Amino acid sequence: MASCLQVEGLTKSFGDLLLFKDISFGISEGQRIGLIAKNGSGKTTLLNILSGKESYDSGNITFRRDLRVAYLEQDPNFPDHLTVLEACFHHGNEITELISRYEKLLISEALEGLDEVLHQMDSLKAWDYEQRVKQILSQLKITDLDQKVGTLSGGQLKRVALANVLITEPDLIILDEPTNHLDLDMTEWLEGHLSRSRLSLLMVTHDRYFLDRVCSEIIEIDQQQIFQYKGNYSYFLEKREQRVSAQSAESDRANNLLRKELEWMRRQPQARATKAKSRIDAFYDLEKKAKQGPQQGEVRLEMKGSYIGNKIFEMSHVNKRFGDLKILEDFSYTFARYDKMGIVGNNGTGKSTFIKMLMGEVSFDSGEIEVGETVNFGYYSQDGLEFDQQMKVIDVVQDVAEVIDLGNGNRLTASQFLQHFLFAPEKQHSFVYKLSGGERRRLYLCTVLMRNPNFLVLDEPTNDLDIMTLNILEEYLQGFKGCVIVVSHDRYFMDKVVGHLLAFRGNGDIKDFPGNYTLYRAWKDEQDREQKRQEQALSAKAPEHKTVQTVEKPVEKRKPSFKEKREFEMLDVEIPALEQRKSALEAELSTGRLSNDELISKSAEISRLIKEIDEKTLRWMELSEGM
């Protein structure tokens, strides 16, 4: 396979923080690579370097000469005043720049260079660009192309950015958390789209089902190095465990040897010049190897959880709507002890509004909500927590509690608690403003869990968290002695944590389903197939010999395509230019100073011009009817 990208000896640091050193890897045609690392290890920085948005300390990055690359940022942004359609032309790429050049030539009425631009437009299929934009946006369920970007939700904005990436038909796509803010239907659509395509892919994602089904190779950044695994996420888990186990065994052996060597080093007189230099060098090698043991911090975290009584939470005949948008209609539910409930549904169906009603942040129209006296909420919201940027990480946690009670007489200091969530001691004494987005979300999660709640409400907790942190959170929730409500688009996370679902299907329709997400999806697919069978059966039983009077619908005026609009604009420039050339030739013919050959040549040219002007004028009239 031909190479698309080659990275050699790449090193990047921010001050004293070394992200990775002397790493090398390549991407070939059709290769789909998932990039995994804990938050703060440099995943997004590496993607920004490859896309040219970030500098690096040393190394070489080589792209294939004719390679078309598209990059989806983790948090895309566009000017608020743009419409959705304008946003798809906003970020410069080869095609949009070509279209811009073409339009400038039309405006200036300059014909020089036009032939070359027209040839490039044909070669890159730029005439159909607007149609492709609309088609992709339709598949991504963006229908209001005139809506202002500033009014879009996070999920809608992510879909517009995805359209920007997909419509250019790149050879290599770089994706940073592509499923963040996408609902489950859109995640599954993107999963299928990427799986069917032949493009090359480098992607950072915490969605493990997505990673497993789309990527065929995993690259892990660990301890400033990279480790490559030639398989999907399931294969990575198996091989990484073998690597970590081997590293642990080697580290244990090194520590045992180190203790013996340390005793030997201490026994030797400092002035003895004859001490075996090779053995001293070996000691320092062992010391280095012992310190390179696994630093994942993957330990089981069991919290006490405060006592929760029999009466937990009751909703009776609750109604809520925003104008014509119905969120809840006569909804009733009683939470049981240790209930672990997941909430799923497309964006805009009211999931977050439902959570905010439970937490008292949004009022309901009618009905009743009763909360038990012993309930102690722990609320993790999508909006997150605003930290003082100048505070140190350890100070943020100590402001909540100096010591965390785990129950059974076990206690953790704030520093020990942070280590459970992969904050190394040096990171704990770093300032908040130096943390990555994922590390801030992880810190926010710590401040929620350390308060020992007995009713956890988690609204999109998986966004921006690395897979290592998700593993810790999943294990914590599985053993949590209390109630849990989780709103998430992460199918893997939901399958591991929740026992039943509330599926928000829009317009106040909520399905209470006893099972995890995979079971719900299988049930929903079967329901959809059954509905389709019934519709086909009804269609087949349509009565015969019955005359049905049909009323013809008025033919809607077809909107001109992008190509037709540009052709019409071009004719507006070309026809006057041809007329001007014809007038100039007629003036030359009337001078009487032309030779016979010149008379014949220019007369023939006038005949060709008249024919071309007639053809273009007729085409201009045809197009003008649709404008």
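Is F480 buried or exposed? In this predicted model, F480 is buried, with a relative accessible area of 5%. Let's start from that ring and look around.

The structure holds 19 aromatic pairs. F480 belongs to one of them: its ring centre lies 5.7 Å from that of Y476, and the planes meet at 40°, so this pair is tilted. Y476 is buried too, at a relative accessible area of 4%. F513 and Y520 make an edge-to-face pair, with 5.5 Å between centres and 70° between planes; both of these residues are buried. There is also an aromatic cluster, formed by F313, Y333, F335, F377 and F455.

| Arginine | Ring it lies over | Distance from the ring centre |
|---|---|---|
| R213 | Y209 | 4.7 Å |
| R243 | F227 | 3.8 Å |

Next, the cysteines. A disulfide is a covalent bond between the sulfur atoms of two cysteines. How many disulfides does the structure hold? The count is zero. C446 is buried, at 0% relative accessibility, and C483 is likewise buried, with a relative accessible area of 0%.

S381 sits in the loop that runs between β14 (377-380) and α12 (393-400). Although S381 is in a loop, its relative accessible area is 10%, below the 20% cut-off, so S381 counts as buried. Which residues does S381 contact, leaving aside its neighbours within four places in sequence? They are R441, Y444 and D459.

Technical notes
Residues are numbered from 1 along each chain as its sequence is written. This is a predicted model: local features need pLDDT of at least 70, side-chain atom pairs count only at pLDDT 80 or more; totals for chains, interfaces and linings use all residues. Side-chain values use heavy atoms; hydrogens and water are left out. Helices (H or I, at least four residues) and strands (E, at least two) are DSSP runs, numbered from the N terminus. Buried means under 20% relative accessible area, exposed over 50%, partly exposed in between (1.4 Å probe, protein chains only). Contact means heavy atoms within 4.5 Å. A disulfide is a pair of cysteine sulfur atoms within 2.5 Å. Rings of Phe, Tyr and Trp (its six-membered ring) pair if their centres lie within 6.5 Å; planes under 30 degrees apart count as stacked, over 60 as edge-to-face and the rest as tilted. A charge sits over a ring if NZ of Lys or CZ of Arg is within 6 Å of the ring centre and within 35 degrees of the ring normal.
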